[in-house]
Each structure stands twice: as C-alpha cells, then as structure tokens.
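Thanks, everyone. Please have a look at the structure on the screen, and then I'll walk you through it.

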Amino acid sequence: MTRRIVISLAFLLLPFGRTASAHHNMTALFDFNDRVTLTGTLTKVDWRNPHTYLIVDVKNAKGAVESWSAEGPSPSWFRIRDIGKADFEASLSKSLTLELSRARDKSLSGLLRTITMPNGRVVSACPQNC
Amino acid sequence: MKNVVRTAIVSAAVLLCCVRFPVGAAAQELSAEAKDKEVAAARAKRNALQFENNARTIVFYDRAGNRTGALGERALYGETIMSPDRSRVAVVKNDLANESADIFILDIATGASTRLTTSARTEFVMAPVWSPDGSRIAYVTILKGQEGIYVRPSNGQGSPELLFQNPGAFLNLSDWSSDGRYLTYAFSDMSGGTLYTLPLAGGPDRKPTQIAHSDLRMFAPKFSPDGRFLSYIVIDKENRPEVFVRSLDPAATAGPWQISEGAASEAYWRRDGKELYYLSRDQSVMVADVSTAPTFSFSKPKVLFKQQAAVPDRLGNVSADGERFLALPPPRGPQLQQITIFDRHGEIVQKVGDPGLYQGPSFSPDGTHLLVTKNDRQTAQSDLWTIELASGKQTRLTNDTFPKVNPLWSPDGKYIYYSSFRNGDFPVYRKLSDGSGNEEIVFRYTPGAFVGLSDFSPDGKFLICDSGGIILAVPLTGDPASRKEIEFLREEFTDGIGRMSPDGKFMAFRSDEAKPEQGEVYVRPFNAATGLPGDGKWRVSKEGVLAMLHWRADGKEMFFRGQNLENNELLVMSVDVSTSPTFTAGTPKVLFKLPGPLGGNLGNISRDGQRFVFAINVPSTGTR
C-alpha cells in the first residue's frame, strides 16, 4: 500500500511520464518481449530483500524436469498486498503457474509478471516487474 | 493519536485476555480482527493526511499570464488534458483508499464531472488523450498484469475497446493525430528511449512503428497538426529535459531540431501549427514560432509570460488554440522554508538566512556549519550548500542538474558524501566541504540500484547505507572502484537508516518487522572487525518511526521522529539508552512537537543533542 501510494504520488510529480526502474536495471537482465508461461511444482522459496525468488520444477516438452528460477518483488511488496511468506511456504510441493519475462541469457530464469497460486488466486507483480 | 493509543490499548487488552483465559480459536480470530481494524484505521488516517498535504485544484491562465478561473474540486490529480475544443478537461484522479486511479471528464463551463473509468483495487488508468473530434478518449491501463491502450467514448457511455496489448509496461501514451489515424507513445527505461506511432486501422493485430531510438530517455511525443513531425522530450546526459522536433518521414535527412534551451514540461502545438509552447526551467511559459511547410523551421523561443509566485503553479496543459494555459498550483499553497534552529524545548534559538526552497539542513560534526540542499527556481537545480552559522556565509558545493541524495558530513567534517542518479546508475560521491576540488567517486553498488547513505562508523572505516531494504556496510579502504559492500542486514523485512552508536558497538535502524507500513527503531550489535551484526536485538520504539534516528555524542540518549496520524505534527522523540555493558533502552517520550508537514532528516540534531534544525514552511509573498 505504501509503495503504491509512493508510486501514485511519484506519478503526480513526474512531468513527462513513467520510467521503468527498480533495484537493478531489469531491462538489461530480462527481455520483456520474451514471455513464458510455466506450470510446475514449487520446490523452494527464498524470501529476502530486495527480491524474492521462487524455484519451480517444470516438465519440458521432452518430459524432463527443469528447475526454473523466478525473481519476484520484495517481501514487503507482497506483505502489503496481504500475501506473505506463509502463503508461499504453504504452496511448497504444490502446482502453480507463473508468467515470466525470460532472462536475456536464456537461462532457466525470469522476472515474475503474474503468479497463479494453488488456490487459484492470481497475483500480478506489475507494474514493478513489467 | 488518541485513537491510535486507544486502539492499541484495546488490542493489548484483547491479547491479555487471550493469555489469561485461553479460549481457543475464537479468541485468536478476535485478536486478528482487532489487529486488522487497527491496520485499516491507520491506513485511513495516513490516506487522509496524504490527501490533505497533496491535493490540488485546477486553474487557468490566459496568454498574458492572468489567472482567469478555476475548475473542479481539490483532488490528487495526475494528467489534466484539455479537449480539442477547450470545453472539457480529462483528468486522472488518484484514489488512495482504493489504491487506484481513474479518468473523469470535467466540463469547464458547468464544472460537472463525469466518471469515465472505474478501476478495481490496485489497478489504475493513466495517460488520457482526446480523439481529434473530442468524442473518444484513449488511455493506458494495466488489467490483471497486462498493460494495454484502450479507447472509449468521452461521454461516459459505452464499453472500452482494447487497441493494443503492450508486451511490457510503462508505455507513455501522449497524443492522437489530427487525422484520427494514429496514436503516438514513448517507452523509456534506464537503457534509453524509443518513440512509436500506432496505426488505429488494422484491428487487434495493430503493430506499432518505431520512429526513433536513443540511448537517452525520451517522453511525450506529440504530432504536429499536419501529422508530418513529432515534438518530444529528451533527457540529456546532464539530466536536463529538452524539447526536440523530428520528421515522421523515414527518408528525411534534416533534423531532429532542438527547440528549447532548458525545458520543464512537454511541448504543445497550436492547432494551426504556427506556435509551440513549453515551460522553461525557470518556470516561464515559452513560445516558439514554428512552420512545418515546406520543411520544419522555428524561431528562438521567447517568454510568453512568467509567473510571479515564489513557488509557481505547474503547467499541466495548453489549449489547442494557444489561448488557455491549465496549471496546478502547489499543494497547500505557495510555501518557502525558513531554516530554523530549536532547543530541546522546541523554542526557537536562531533563524538562518532568508526563506527559500530548502531541504535537509544538517549540522556539521563540530556544530559550526549547516549542510543544506537548496533549490534554485531560476535554474531548476538542486545543489548542496554549506552555511556558516556565526557569519551566515553560504558556500556552494555543487553546480549541476543531477540529484544529490542523502548528503552526509564525514565524521571529521572534511567531506560531504552523497549518492546521485546518473545515466542509469546510482554511485556514491564525495566532495570537500569547503567547496574546493572536484567530486570523487567513493562506491558503486549494483547498477541502477538506489543507494541511501545513513552514517559512518565512528572511526570512519565504514560507510553505512541501504538499498532495497538491505543495510550495507561499505569498507572505505582500497581502490574505490573495487570496494565491496558487506550486507549487515538482509532479511524479509524492509530495513534501513542504519545509525552507529558513538562507541561503534551498536547500530540502530528502522525496520517494518513489527507491522507492515510502519517502521520501528531496533538496535543490533555491530562487529567492527567484520561489518556484520552480533547476537541480540532490541526494539526501542513502540508507536511508529518516520526517520531522524540520532545518537547523542555520549551514547546516553537516542532521538527519532515519531509518527502522528491524527495530524501533520512532527514529534521529536527522545529515549534514554546505554551501550555498556550491553544495550538497554528506557521508554520513549515526546521531547517537543512542531507543526507540519515537515521533513525530519538525518543530521538535523547537533551531536550534543541540544539543537535541532528544520526547514520550516513559511508563506511566500509576491504571488499573483
């Protein structure tokens, strides 16, 4: 909530428009035009600042399991949206769906755009991560 | 404040009941419900204060700079765009409670307001542009994580139609061509900017055309009325916005042309294509005579009018006939700041210099000088200055357009350290406090990551800063280019403002561990050999902390800025502490209060804890 307010007020102050910015230069690391949607099993949650990480095991087209890393917003970002570490830890070993902007180095990693939790709740990480 | 205390007491009573008479889940649910109510009440109060401090009205000027009228209620306005016939204004209003923003159409003659969009919680609408006949509004919104350009009738009827699904976000929609066939927008990030046009024919598979790309950020493209040229804003390498015009003909060899010599707004074309307007850095409304046939030409821009107010209104839009200038006065009225020093009882002991636009006064370690950020209306620059308290002599330390963030005195007073956003990066610099010499780079963190400076270890060996909720200790040894930060604290909570105890054994910091959206002061041991925390953690505050953590030089008292959600009062809080044999803290008490809103920064308390310096808001004179 606080961050959203800050963003809102920042918009009021910006004379020309919004600029994508974050803790690091996300457009340098991730290609926003190269998106992938993955459904797999959540195997690990790294819940630290400034970014959270979710590790998800996904079966590829050949049936082999690949371990994908999704970089999410900060823990506080989730916390003020009433979804927290406990919700993700309760989702370990369960199936969820992620939409990612893929890493430019084509590794099995990406920037989290949206996540569909095992209970069907959709959480959007935009605009921060878009 | 009383309500917060009352709610806290009620919450505490409920918790005590649960401890003494455990009755199972029902009691726990009640406690959780009470906690939720407390959080909701605090949010509502924060929102009310945000609104009170930032809401504005809309006013109009004519070409002579005379205020001709006002429109609409006080609100948190985003964009304010006049219709082509100058009869209506499309405004974006922010709704703090719903965490959303929506478009409303205001009728200038009657003041009537028509709601155009209704966003779900946490979704928002931005960047409205009028169709040339005024019958439709195109805008940008993010729905379920997908940003798109939508269009709908401007009378509030009908449904939105998706025009373009943006693969990314932060699309800066800014104009609709006079022939109704194209939209134009920009996208900029830390790697540069790109200008696009989007054809409206072609259905849902519309493809944007890239007009230009630069490693500089670009914003606000606007079609010339004949549709042959685009005006736009470029943020140059010195962080200065400038107005440019370029041809839309890919075969054109002439241009682009720089129109402005220092701009502070986007550009606006007159309907006949003969004039181009923008706001200069000194807040003058500028006009350039232009022609687009047979090719583009322009005259040197001249001042159309200049606002006389010490704190001028913000230009929001210009009518297509060039006769009306929409502006947004500063929230809470024009105000300047008077640097004022108080004693421990909140009594004024000294006023320093004349009122101006100041931020963050802070005492030098020996208490003889102040460091202050001063905003110059003529150049629109914010620069660092020192003021000698005995003589009032002011010394300029910087002279550039880059932002200088969290400036700090070094422990020996010889240097000023600050971070600064430059071309996509946020390095830390230092400069001699007597104003001589050039700035030197001190430390470079993750590219693009914000770095906020908060303190030094007493021996000067570590610079303490924070980034993204992490507290960092940077060893100030060796080659600056190879300095590597130590993560003092990196956890799931947002931590920052690390402040070292005078004996160097402890670090106080602000963390939202106890409650989201509310910081409290905590203290942890600091291991000077490793830069890492030792065992133990103490919570010092109980009712919220905004900033201004400060240890008295003898280590026996700590200060912080308390939070009052009932009004804008600044609470200077004091708590008795000890660091030997280990850390102990008493109960925080209010030392004195000042009317706000008022910034409380680091360093605005003298080392001996006897003087407190603030930039106090005072009414400005000379407004028209």
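Let's start with chain B. Its domain assignment lists domain 1 (2–48), domain 2 (56–328) and domain 3 (335–619). Those bounds come from an automatic or database domain assignment. Taken over C-alpha atoms, the centres of domain 1 and domain 3 of chain B are 34 Å apart.

A word on the ground rules. This is a predicted model: local features need pLDDT of at least 70, side-chain atom pairs count only at pLDDT 80 or more, and totals for chains, interfaces and linings use all residues. Residues are numbered from 1 along each chain as its sequence is written, while chains are lettered from A and ligands numbered from 1 in the order in which they are written.

Now the inside. Nonpolar side chains tend to be buried together in soluble globular proteins. A residue is buried if 20 or more other C-beta atoms lie within 10 Å of its own, exposed if 12 or fewer, and partly exposed in between, with C-beta atoms placed from the backbone. A nonpolar core is a set of buried Ala, Val, Leu, Ile, Met, Phe, Trp, Tyr and Cys residues joined through C-beta atoms within 7 Å.

The largest nonpolar core here has 97 residues. Among those with the most contacts inside it are B:Val89, B:Leu183 and B:Tyr277. Strand S16 (residues 229–235) of chain B gives the most to this core: 6 residues. Strands (E, at least two residues) and helices (H or I, at least four) are DSSP runs, numbered from the N terminus. Apart from that core lies another, of 66 residues, including B:Leu408 and B:Phe488.

Next, a sheet. In chain B, 4 strands form an open antiparallel sheet, ordered S11-S12-S13-S14. Strands S11 (171–176) and S14 (209–214) of chain B are at the edges with a single partner strand each, so one side of each has no neighbour in the sheet. Two strands pair if DSSP finds at least two bridges between them. S12 (residues 182–189) and S13 (residues 192–199) of chain B pair over 8 bridges. There, B:Leu183 stands opposite B:Leu198.

Which strand holds B:Val613? Strand S49 (residues 612–619) of chain B. B:Val613 counts as buried because it has 24 C-beta neighbours inside 10 Å. B:Ile348 is 265 residues away along the chain, yet the two C-alpha atoms are separated by 9.6 Å.

Last, chain A. It has 4 helices and 6 strands. Of its 130 residues, 37% count as buried. That's my tour.
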